[in-house]
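These are my notebook entries on a structure that I had not examined before. I recorded the packing, the open space and the backbone in turn.

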Amino acid sequence: MADCIFCMLANGQIPTATIYEDEDFRVILDANPATRGHALILPKAHFANVFEMPEDLTAKAAVLAKKMAAHMSEQLQCDGFNIVQNNGEAAGQTVFHYHVHLIPRYKDGPRIVANWPQSPLTDEAKEELVRELKV
Ligand code: 5GP
Ligand code: ZN
């Protein structure tokens, strides 16, 4: 897609630090890493978010995320790993070309992501949500 920075990065039209590439994806280092090694899986084709992604490519991205996380954990000797994928502005997405964050985590920090405030699920909310969401 014209004017999409991640299309240009994924397809090599703008040079970028690449740590993996195949026919469907490029994995690059995030320009503003949350931790040492923070990388992004980008599909070469343009999809705004997970809802636009074909099922087979979504499955391939999940398998690639697992493989990259294992490889990066081994190489970086990190202590944990976040695989994060944001959809929509309200969910923190800022670039509207599907991408998966690969974020190595270290015991010594920085302590970031997945620290959202939580409150107990009431019985009333539980029943209402099960009615609304059960497939
Ligand atoms: P989002 O908030 O959309 O889930 O994540 C977008 C990510 O893309 C951010 O972590 C940001 O640092 C990264 N990013 C934005 N523009 C560029 C760029 O031009 N090059 C690279 N390598 N990363 C980028
Ligand atoms: Zn794009």
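Buried means under 20% relative accessible area, exposed over 50%, and partly exposed in between (1.4 Å probe, protein chains only). This core has 15 residues, and Phe-25, Val-27, Ile-41, Leu-64, Met-68, Tyr-98 and Leu-102 touch the most other members. I then noted that at least two residues of this core come from each of β2 (25-29), β3 (39-43), α2 (55-76) and β5 (100-105). The largest share, 6 residues, is supplied by α2. Helices (H or I, at least four residues) and strands (E, at least two) are DSSP runs, numbered from the N terminus.

**Basis of the entries.** The model is predicted: local features need pLDDT of at least 70 and side-chain atom pairs count only at pLDDT 80 or more, while totals for chains, interfaces and linings use all residues. Residues are numbered from 1 along each chain as its sequence is written, chains are lettered from A and ligands numbered from 1 in the order in which they are written, and side-chain values use heavy atoms, with hydrogens and water left out.

**Met-68.** I asked which residues Met-68 touches, not counting those up to four places away in sequence. They are Ile-19, Tyr-20, Val-27 and Leu-102, where contact means heavy atoms within 4.5 Å.

**Second core.** I found a separate core of 8 residues, with Phe-6, Cys-7, Leu-9 and Leu-40 among them.

The largest pocket has a volume of about 230 Å³. A pocket is an open set of points on a 1 Å grid over the protein atoms alone, where a 1.4 Å probe fits, with protein on both sides within 12 Å along at least five of seven lines; lining residues have an atom within 4 Å of a point. The volume is the space filled by probe spheres set on the points. Of the 17 lining residues, Phe-6, Asp-30, Leu-40, Val-95 and His-101 lie nearest the centre. Two or more lining residues come from α1 (5-10) and from β2.

**Backbone.** Most residues other than glycine have a negative phi, and most peptide bonds are trans. I noted that Asp-3, in the segment before α1, has a positive phi of about 75°. Asp-3 is exposed, with a relative accessible area of 75%. Gln-77 lies in the loop between α2 and β4 (80-84) and has a positive phi near 55°. The peptide bond from Gly-109 to Pro-110 is cis, with omega near 0°; Pro-110 is in the loop between β5 and α3 (123-133).

How values were computed:
A nonpolar core is a set of buried Ala, Val, Leu, Ile, Met, Phe, Trp, Tyr and Cys residues joined through side-chain atoms within 4.5 Å.
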